[in-house]
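This report describes a protein model with its ligands and one of its pockets. The sequence and structure come first, and the text then starts at a ligand.

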Amino acid sequence: MPIANGFLRIDQLDQEYFYDLEVAHCTDCGMVQLVNRVEPTMMFHDNYAFFSSTSQYMVQHFKSFADSILHDFLPHDPFVVEIGSNDGILLRNFAQRGIRHLGVEPSRNVAAVAEASGINTISSFFNEDCAAKIVEGSGQADALLGANVMCHIEDLHSVMAGAKMLLKPGGVLVFEDPYLGDIVEKTSYDQIYDEHVFYFSVASLQNLAAMHDLEIFDVAPQAVHGGSMRYFIGHRGARQPSSRVDEQREREARLGLELPGTFVDLRRRIEASRAHLVSLLRDLRARGKRVAGYGATSKSTTILNYGGIGPDLIEFISDITPTKQGKLSPGVHIPVRPHAEFQARYPDYAVLFAWNHSREILAKEGAFMQSGGRFIVHVPEVQILEPVAA
Ligand code: SAH
Ligand code: TMP
């Protein structure tokens, strides 16, 4: 596999990096994780391709995330720290209210966007050392937040030790990441790529938290990113755990998340999903249909490379992120084009790689569907979406 967000120019083709993507399930602690690591600085750097605020839906999602933290947890004159603050999509909601805040974001180009809009950001990887420096410079925090970042960090123990040190006695660590239960239920194997080192469950995170004298006191499923879980963690014994934690554990037991056989079955379903998608695309091509991709997501890198799907089957991928446009997709080298090109000459089919944003995208692509164009999705199974009758 290539780097999932490693979109490249034509003159960079000979420098492309590949590694073996393999996932394992630990029968002791319940963690599902990648076997081989990719050096973090190869993924998160001065040209990181993902800008959080490209999705208006996510802008709203993070506004309500911030509102709920403010309402439920923050005392007078709080201090809020965020890990992986990207372009400031979450922290801006605190900054705008004059709340003391700090973003920790190693990818300098996205951090610069946040800083330019007045969000305090340091360009660093969050870990125990970083936490110690924050405590020294600014004191302990009331809330340590993160979204789609904890699962990226290989040295999770250092992050948890940092959280333990950084949080005030009543402070909270609140973060959300794609949820293992949804991956198993929806066969959403495209969540598996280099940046996602871990695929969390409540059970595996309870084990991790306990190792650092921390405790999950609440959980809240989220619809975003194809199914995520928000975890609320405090110092051990500091808060009364909600019944939702045990209820979610029961759901995990029903899904068999701690049984190796569950993952053997998942592999079988993943292989069947790949075979179905590839045969559908070959069939459409054989019938002379034009097929594009919609959303040059990091997830699409897994689907395309795992399926061996290249420009012979998918003509181009439409994406609204300027830094991805004009580049080639990692590994299989499908050209990424601006959305204007998609609109100028609609293809017959568009594979919805950004299926996690389907609500937002289907709402704005009515004209494509009215012109006879159809979206193809692969989650929870490969299918061509028919327009909903008015
Ligand atoms: N929170 C945003 C961004 C998620 S992308 C959102 O949900 O949309 C993950 C971000 O985490 C990237 O911007 C990446 O640079 C950053 N990141 C990766 N490793 C990190 C670490 N160790 N500490 C802090 N941020 C990290
Ligand atoms: P994500 O699935 O990691 O959030 O990435 C979504 C990608 O899809 C990102 O590159 C932006 C792109 N995109 C579009 O091209 N059009 C859209 O309407 C949306 C919501 C996303």
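A polar side-chain atom of Thr321 lies 3.3 Å from an oxygen atom of ligand 2. This is a polar contact, meaning a pair of N or O atoms within 3.5 Å; within protein, one must be able to donate a hydrogen and the other to accept it, and residues adjacent in sequence count only if both atoms are side-chain atoms. The protein covers 97% of the 480 Å² of accessible area that ligand 2 has on its own; such areas come from the Shrake-Rupley method with a 1.4 Å probe, and for residues only the protein chains shown count as cover.

The model is predicted: local features need pLDDT of at least 70 and side-chain atom pairs count only at pLDDT 80 or more, while totals for chains, interfaces and linings use all residues. Residues are numbered from 1 along each chain as its sequence is written, chains are lettered from A and ligands numbered from 1 in the order in which they are written, and side-chain values use heavy atoms, with hydrogens and water left out.

Around ligand 2 there are 18 residues, of which Lys299, Asp319, Lys324, His357 and Lys364 come nearest. A residue is near a molecule or strand if one of its heavy atoms lies within 4 Å of it. By class, this shell holds six nonpolar, seven polar and five charged residues. Here Ala, Val, Leu, Ile, Met, Phe, Trp, Tyr, Cys and Pro count as nonpolar, Asp, Glu, Lys and Arg as charged, and the others, Gly among them, as polar. Helix 13 (residues 358-364) gives the most to the shell, with three residues. Helices (H or I, at least four residues) and strands (E, at least two) are DSSP runs numbered from the N terminus.

Ligand 1 has 20 residues around it, and Ser52, Glu105, Ser107, Phe126 and Asn148 come nearest. Its shell is made up of 12 nonpolar, six polar and two charged residues.

| Residue and its atom | Ligand atom | Distance |
|---|---|---|
| Ile320, backbone N or O | ligand 2, oxygen | 3.0 Å |
| Asn356, side-chain N or O | ligand 2, oxygen | 3.0 Å |
| Asn86, side-chain N or O | ligand 1, oxygen | 3.0 Å |
| Glu105, side-chain N or O | ligand 1, oxygen | 2.5 Å |
| Ala147, polar backbone atom | ligand 1, nitrogen | 2.9 Å |

Taken alone, ligand 1 exposes 570 Å², and the protein buries 97% of that.

The second largest pocket is lined by 21 residues, with Glu22, Val23, Ile192, Arg267 and Ile270 nearest its centre. Its lining divides into 16 nonpolar, two polar and three charged residues. Helix 10 supplies the largest share of the lining, seven residues. On a 1 Å grid over the protein atoms alone, a pocket is an open set of points where a 1.4 Å probe fits, with protein on both sides within 12 Å along at least five of seven lines; lining residues have an atom within 4 Å of a point.

The chain as a whole has 14 helices and 16 strands. Its radius of gyration is 21 Å, close to the 21 Å that the globule rule gives for 390 residues, so the chain is as compact as a globular protein of that length. The radius is taken over C-alpha atoms, and the rule is 2.2 Å times the number of residues to the power 0.38.

Two backbone details remain. The peptide bond from Val379 to Pro380 is cis, with omega near 0 degrees. Asp77 has a positive phi of about 50 degrees although it is not a glycine.
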